[in-house]
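Let's take a walk through this model together, one region at a time. Have the viewer open as you read.

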There are 2 protein chains.
Amino acid sequence: MFLITRITLQDTHCKNKQVYDQENFQGKRLEFTSACQNIMECGVNNIRSVKVECGAWAGYEHSSFCGQQFVLERGEYPHWESWSGSNAYHIERMMSFRPICSANHKESKMVLFEKENFMGRQWEINDDYPSLQAMGWGNNEIGSMQIQSGSWVCYQFPGYRGYQYIMECDRHGGEYKHYREWGSHAQSFQVQSLRRIQQ
Amino acid sequence: MFLITRITLQDTHCKNKQVYDQENFQGKRLEFTSACQNIMECGVNNIRSVKVECGAWAGYEHSSFCGQQFVLERGEYPHWESWSGSNAYHIERMMSFRPICSANHKESKMVLFEKENFMGRQWEINDDYPSLQAMGWGNNEIGSMQIQSGSWVCYQFPGYRGYQYIMECDRHGGEYKHYREWGSHAQSFQVQSLRRIQQ
């Protein structure tokens with residue numbers, strides 16, 4: 001068994017994640033307390049199960065933090081489907097990941113805009129919304145977003161389903177002007193639910 | 001095109017749901033304002049897309065409200081994967097559904113118990129928890145649950161992923177003593193996230 005152990009427990013910003021190259025926490029195990037740009041450089045071809053012990057993490061389909069995004073909060077993910085959610089295409093890969101430093105469940109704040117480039121109707125929110133339409137948002141799209149505090153995850157479909165788009169106050173200056181800035185997998189403005197990310 | 005229209009808009013408890021027998025809101029369309037025990041009795045073999053215009057609904061894999069459960073809040077679900085979430089088995093069926101009458105986002109309350117039959121450590125909650133472990137719950141299981149107000153949906157994995165278990169104050173007297181009472185698809189006590197259902 002191939003094992004790297006780099007546990008650093010910190011009181012304020014503890015981050016710790018274990019990954020395995022087989023499902024159900026079997027096979028080679030690696031432990032991380034910071035970002036990994038390419039899992040293959042750590043001696044495994046893919047990640048097939050994950051335990052998050054501290055902090056919130058962003059996982060990515062490709063190396064260098066590209067492709068589909070997966071928010072990973074504390075808990076156990078025994079196989080690919082347990083973190084992927086329901087997506088339009090199933091490529092069972094997680095090749096890079098990093099901690100989400102600005103996750104702050106209690107003090108998160110963002111502004112939604114109806115149109116791209118911060119135009120049109122706007123709405124300031126600081127709570128989770130499993131259905132934006134049920135809470136008064138007019139349609140199934142968001143044009144642009146300004147993250148003022150914390151980190152958020154937006155989803156294509158109601159009830160936190162479909163593609164995940166991770167939005168952070170300390171990336172892009174917190175400004176997401178167009179769906180092209182949400183991630184390389186974003187193909188439309190469709191967002192029907194969103195929530196704060198917690199450590 | 002086969003069309004049933006039974007829209008009844010009510011101020012306080014508006015419930016309206018459109019289902020289609022093809023993906024992307026194509027094919028035969030049926031509109032519902034109340035429960036449907038078997039979609040085949042309405043002239044379609046399966047539901048392949050859904051628009052929820054009012055209220056919260058529970059969808060089921062089999063007729064008579066059996067099998068996998070899917071919570072459906074207001075919004076658009078263009079294909080099976082948009083409402084199913086990530087599950088251990090993929091049977092692309094929704095054969096029955098009903099409104100969730102007790103959904104009450106603001107005043108929901110429930111008690112979690114560490115062991116079955118309301119034994120062991122307990123925790124009263126009235127908020128959404130994308131990671132129960134991050135918020136202080138000791139393990140990845142819940143033994144039993146008492147729903148005091150509103151309706152809740154529990155999930156196998158963190159971040160509202162995996163099997164969905166719908167729990168309501170006005171069913172089973174709000175008491176769910178063992179995972180066998182969570183639904184016929186429940187095979188273990190594993191619950192890692194849960195949230196309130198909103199109308």
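In which strand of chain B is B:Arg195 found? B:Arg195 is found in strand 15 of chain B. Please keep in mind that the whole model is predicted.

**Around B:Arg195**

B:Arg195 has a relative accessibility of 0%, so it counts as buried. The side chain of B:Arg195 is joined to that of B:Glu73 by a polar contact of 2.8 Å. Leaving aside residues up to four places away in sequence, B:Arg195 touches B:Val71, B:Glu73, B:Asp128, B:Ser151, B:Trp152, B:Val153, B:Tyr155 and B:Tyr160, and on the chain A side A:Pro130, A:Gly159 and A:Tyr160.

**Where the chains meet**

Those chain A neighbours lead us to the interface. Chain A and chain B bury about 3100 Å² between them, and 46% of that area is on carbon and sulfur atoms. The contact takes 37 residues from chain A and 37 residues from chain B. There are zero salt bridges between chain A and chain B, while 14 residue pairs are in polar contact across the interface, both partners being at pLDDT 80 or more. On the side of chain A that touches chain B, two or more residues each come from strand 6 (66-72), strand 7 (75-77), helix 1 (80-84), strand 12 and strand 13 (161-168) of chain A. Helix 1 of chain A gives the most to this side, with four residues. Sorted by class, the side of chain A that touches chain B has 13 nonpolar, 17 polar and seven charged residues.

In soluble globular proteins, nonpolar side chains tend to be buried together. Here the largest nonpolar core has 22 residues, and those with the most contacts inside it are A:Val71, A:Ile100, A:Ile197, B:Val71, B:Ile100 and B:Ile197. At least two residues of this core are supplied by each of strand 5 (57-62) and strand 12 (151-157) of chain A, and likewise by each of strand 5 (57-62) and strand 12 (151-157) of chain B. Not counting residues up to four places away in sequence, A:Ile100 touches A:Lys15, A:Ala56, A:Trp57, A:Ala58, A:Val71, A:Ser151, A:Ile166, A:Glu168, A:Ile197 and A:Gln199.

**Two further buried residues**

Is A:Leu30 buried or exposed? A:Leu30 is buried, because its relative accessible area is 1%, and the limit for buried is under 20%. A:Leu30 has its place in strand 3 (residues 26-32) of chain A. The C-alpha atoms of A:Leu30 and A:Ile47 are separated by 9.7 Å, with the two residues 17 apart along the chain.

B:Gln190 is found in the loop between strand 14 (175-176) and strand 15 (193-196) of chain B. With 14% relative accessibility, B:Gln190 also counts as buried. Apart from residues up to four places away in sequence, B:Gln190 touches B:Asn140, B:Glu141, B:Gln156, B:Phe157, B:Tyr165 and B:Trp182.

**Backbone points to check**

Most residues other than glycine have a negative phi.

| Residue | Phi | Place |

Key
Residues are numbered from 1 along each chain as its sequence is written. Chains are lettered from A and ligands numbered from 1 in the order in which they are written. This is a predicted model: local features need pLDDT of at least 70, side-chain atom pairs count only at pLDDT 80 or more; totals for chains, interfaces and linings use all residues. Side-chain values use heavy atoms; hydrogens and water are left out. A nonpolar core is a set of buried Ala, Val, Leu, Ile, Met, Phe, Trp, Tyr and Cys residues joined through side-chain atoms within 4.5 Å. Buried means under 20% relative accessible area, exposed over 50%, partly exposed in between (1.4 Å probe, protein chains only). Contact means heavy atoms within 4.5 Å. Buried area is the accessible area (1.4 Å probe) that two parts lose on being put together, summed over both. A salt bridge is a side-chain nitrogen of Lys or Arg within 4 Å of a carboxyl oxygen of Asp or Glu. A polar contact is a pair of N or O atoms within 3.5 Å; within protein, one must be able to donate a hydrogen and the other to accept it, and residues adjacent in sequence count only if both atoms are side-chain atoms. Ala, Val, Leu, Ile, Met, Phe, Trp, Tyr, Cys and Pro count as nonpolar, Asp, Glu, Lys and Arg as charged, and the others, Gly among them, as polar.
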